[in-house]
Amino acid sequence: MALVEARIAAALGGAPQIVLVVGEPGIGKSRLVQEALAPVRRRGVRCVRARAAEDTGTPPYWMFRQVLRTLGAPFQPVAGADRFQAFEAVTGALLGAAGDGLVITLDDLQWADPTSMQLLSYFADRLGDEQAPVVVLATYRDTETVGREPLRRTLAALARSSALARVRLVGLSETEVAAALAALTGADVDPRISSAVSRRTLGNPFFVGELGRLLADAGGDPESALPDGVLDVVRDRLARIDVRTRDVLGAVCVLGDASDPEAVADLTGQPLADVFTSVDDAVGAGLLVADGHRFGHDLIREVVRLDLPTVSRLELHRRAAGYLAGVGDSELRSAEIAGHALAALPHGHPALALTWAERAADQARDQLAWEDAADWYGRALEVADRTSAPVGDRYRLQYGLAVSHLRAYDVAAATSGLLRCAELARESGDAEALGRVAIAVGGYTDVVWAKRGKALAEEALALLPDRDSPLRARVLAQLAVDDVVSEMQSSPRTDELSRAALAMAERVADPQAIAAALRARQVACAGPEGAPDRVEIGSRMFELGRRTGDDDARFWGCLWRFDAYAQLGRIVDADRELMAIEQLSERLRNPIVVWHLARSRAALDYGRGRFAAAQADAVTAIRLAERAGHDGGVYALLAMLTLTASLTGEPSLPVGRALTDWPDVTALHGTVAFWYLALGRVEDAHAIYRGLPRPLTVPSFARLSYVAGLAEIAAFFGDRPAIQEAYALLLPHADLMICGGAGSVAIHGSVRLPLGVAAAALGRTEDAVRHLRTAARVNDETGLEPFTALARYELARALTARQRSGDREEAIALATVAASTAERLGMAPLLHKVRIMLDAGGRRPAGPLTARENEVARLVRQGLTNRDIAAVLGIAERTAENHVQHVLTKLGFRTRTQIATWAASRDEYRR
């Protein structure tokens, strides 16, 4: 009580608060809040309350609708708006009503609809930026969190707020139970009774109170006077009322918040006067509260519901649906009516249940409550399947369900549903229906779905009329996208399809078709040579969104420009786009948008050496993708985490997964090879390197990053043909930055860094120095500190190999600065290599192996000891020992086994 009162006082002083009161049913959550608010109400502070309903159909935003209704600001439908507008409208109304103070109580969060929970998260975020006298007191049962994903996500979001306090209530001690029973009965009770009550109830105050009511009639053995089950104490009270009153309680139980006297009379068939009498009797017995609309406690309602005969319960739900469908505001209560109509089955009317469930789904969809929409479409579809509804009806419901899953970022459920949609479209011979399935995934690019999507798009195009139409243009555009993703590379066909789609979309002047075609053009131009084009395409998409008021289009335009600017090295411009993406993400509050924001932020933080921030965003994105069943979204960010670990030297990733769990994405396994080399696991790195695909088989949007990494790994293992191929592929893009052309997760600095490493490995020292000097300058100018340090280190090595006048001094200076940066950023592997390069006296840094050192390395590979090497080469054993140490130092190794593996790799590639 003291904690809750302190938080309320802080909130009314202008520091908004969120207080969660947690515990099992009957533990006293609502009572604690009620008692804490009593003095606040006496001061005239506005206090409003909302309750979630367990089993009646509730519309989206139900808890906040109740709050706004109490405040005199009814919730306005948001059809056609985005979620931000809906959330912002509610938040504005609540803050505007705060005045000198506002206390919002939200009871039973465990039953709240998903959209109310998302709105609560948003409101809590906004409170963190406000100085408003507002406190949210929310209760939930911590015994009912399993399987309630909306509650779990909301609690995780609220946990990040510094304004949050959590109060967990537990049962009374045996001494406290005795005191409570004495207070209830007016006298001390037998210790045997208080002990038995404590044991039976585990100190739950509600059950202690219920059992206390029975003690006045107890006789003989006190244990025998106590019911076997705690819920039986409620049944005992219900058994004492007449049948008509029990019927009224059954109707109130089924109707929930709609239990006005007229509705109860309709459901029970009793005259209205008799209903009033029964309600008065139930209030007098402590079963209903004074207004007669609600039970005195949820546990009473639960017992009434459990004890209703099945036929009676189904009939009450059937009558409730009929009654509510006949009232004046039935269209606004579609979810409520649908809930009753569905609960009445199989006793009720399937057609009525299906109709109202679809209306509830459509209403949720129009209000962008995608999770609620998916639930209602799914429930309607169950009825349609069970009653063998016409194929067109089943397709419509299945399509609505799949799209709702997609917008809620449940990719696995969405793609599974779309495949069923395709079957239904084929069954009905509807080409347009099949076309809608082919384009449904839109911006949710997924490698697994792309192959199926490509086949669907080709099938739909063959069936659609060969003339201009918005649908045909969108199918052409989707085919272009799926063509790239499924084949893992762009082709002349991709370019042709995307251009044809855009031309057709412009001819029919359809904004959705134009947006789809621009997406296809962006994917077709995702290679490094297409970066300037992607800036223009992103601008066109943004302008389309601005002109049509479509925040989705604006978001994609900004995102495409972010990737393009990053690859062009225009990091300041990329930063500006990221700010716009953040603002649009707040407006849209769409999970896929949040995923893209997290991966974009991670890419930039990685490039700037903010490794902890990059990791945090990557983990956020991975968790989102895991919940969505979106493997592509998981392993893209795992690659980024792996690269970060290769720079920091971390021996494990902050998630319990690894890229090697996905054998079908071997191109990304190159990041694991990088990591293993940083950890000194040369043999493991070499095993991965042997299985990496050829560069030209990698998708165009990822090829630049892949080839850049390949050049450095090939240089380490001395694979000259691979080094030459990588150098030739990178050279045309020397002035770009290393990152993906679409969906970039990491910015690796200038392409000239791997070019310099490759040139040095090929013995082209002058080219190496030129590339690396430029890389160091460009990375430094763009603020990519990790890659500035790496370029300086590699430049120091190249200067050492060149050995011109002044090279030694410059190399030492470069290595010293690189060491300072590496130490500050936590780049342990680089720091280790630079410290090996420089000895305590500042002597010349180590360069590539000499001919004699290469010879020594081969002998080490054969398992020879220093003495054996000395004998073979005709040198002193101490000299052989020095050669081995030089090899270890120059290669950054710690053991002779690493030398042996490295030498074996070189020999293998020579063969």
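Where is the place of Leu 368? Leu 368 sits in the loop between α17 and α18 (370-386), where helices (H or I, at least four residues) and strands (E, at least two) are DSSP runs numbered from the N terminus. Phi of Leu 368 is near 60°, a positive value in a residue other than glycine. At 15% relative accessibility, Leu 368 counts as buried, buried being under 20% relative accessible area, exposed over 50%, and partly exposed in between (1.4 Å probe, protein chains only).

Before going on, a word on what you are looking at. This is a predicted model, in which local features need pLDDT of at least 70 and side-chain atom pairs count only at pLDDT 80 or more, while totals for chains, interfaces and linings use all residues. Residues are numbered from 1 along each chain as its sequence is written, and side-chain values use heavy atoms, with hydrogens and water left out.

Now step back to the whole chain. Its secondary structure comes to 44 helices and five strands, and its C-alpha atoms fill a box of roughly 110 × 75 × 50 Å along the principal axes. Of the 911 residues, 56% count as buried. Take the contacts (heavy atoms within 4.5 Å) between residues at least 6 apart in sequence: 67% of them join residues at least 24 apart.

Let's go to the strands. Strand β4 (residues 134-141) has eight of its eight residues buried, so it is largely enclosed by the rest of the structure. Val 134, Val 136, Ala 138 and Tyr 140 point one way from β4, and Val 135, Leu 137, Thr 139 and Arg 141 point the other way. Strands count as paired if DSSP finds at least two bridges between them. β4 pairs in the parallel sense with β1 (residues 17-23) over seven bridges, with Leu 20 opposite Ala 138. β4 also pairs in the parallel sense with β3 (residues 102-107), over five bridges, and here Val 103 stands opposite Val 135. To get from β3 to β4, the chain passes through helix α5 (residues 114-127), and this β-α-β crossover is right-handed; that is, with the strands pointing away from the viewer, the path from the first strand over the helix to the second runs clockwise. Asp 108 has a positive phi of about 65° although it is not a glycine, and at 5% relative accessibility it counts as buried.

Next, the interior. In soluble globular proteins, nonpolar side chains tend to be buried together. A nonpolar core here is a set of buried Ala, Val, Leu, Ile, Met, Phe, Trp, Tyr and Cys residues joined through side-chain atoms within 4.5 Å. The largest one has 190 residues, and those with the most contacts inside it are Tyr 606, Leu 637, Leu 638, Met 640, Leu 641 and Ile 869. Helix α31 (residues 631-648) supplies the largest share of this core, 11 residues. Apart from this core lies another, of 57 residues, including Phe 295 and Leu 354.

Cys 739 lies in the loop between α35 (720-730) and α36 (752-761), and at 1% relative accessibility it counts as buried. Cys 739 and Leu 568 are 171 residues apart in sequence, yet 9.5 Å apart in space, C-alpha to C-alpha.

Finally, the rings. Rings of Phe, Tyr and Trp (its six-membered ring) pair if their centres lie within 6.5 Å, with planes under 30 degrees apart called stacked, over 60 edge-to-face and the rest tilted. By this rule the count comes to 10 aromatic pairs. The rings of Tyr 395 and Tyr 399 have centres 5.9 Å apart and planes at 20°, so the pair is stacked. Both lie in helix α19 (residues 391-407), four residues apart, about one turn of the helix. For Phe 716 and Phe 717, the centres are 5.1 Å apart and the planes at 85°, so that pair is edge-to-face. Ring pairs also link Tyr 61, Phe 87 and Tyr 122 into a cluster.
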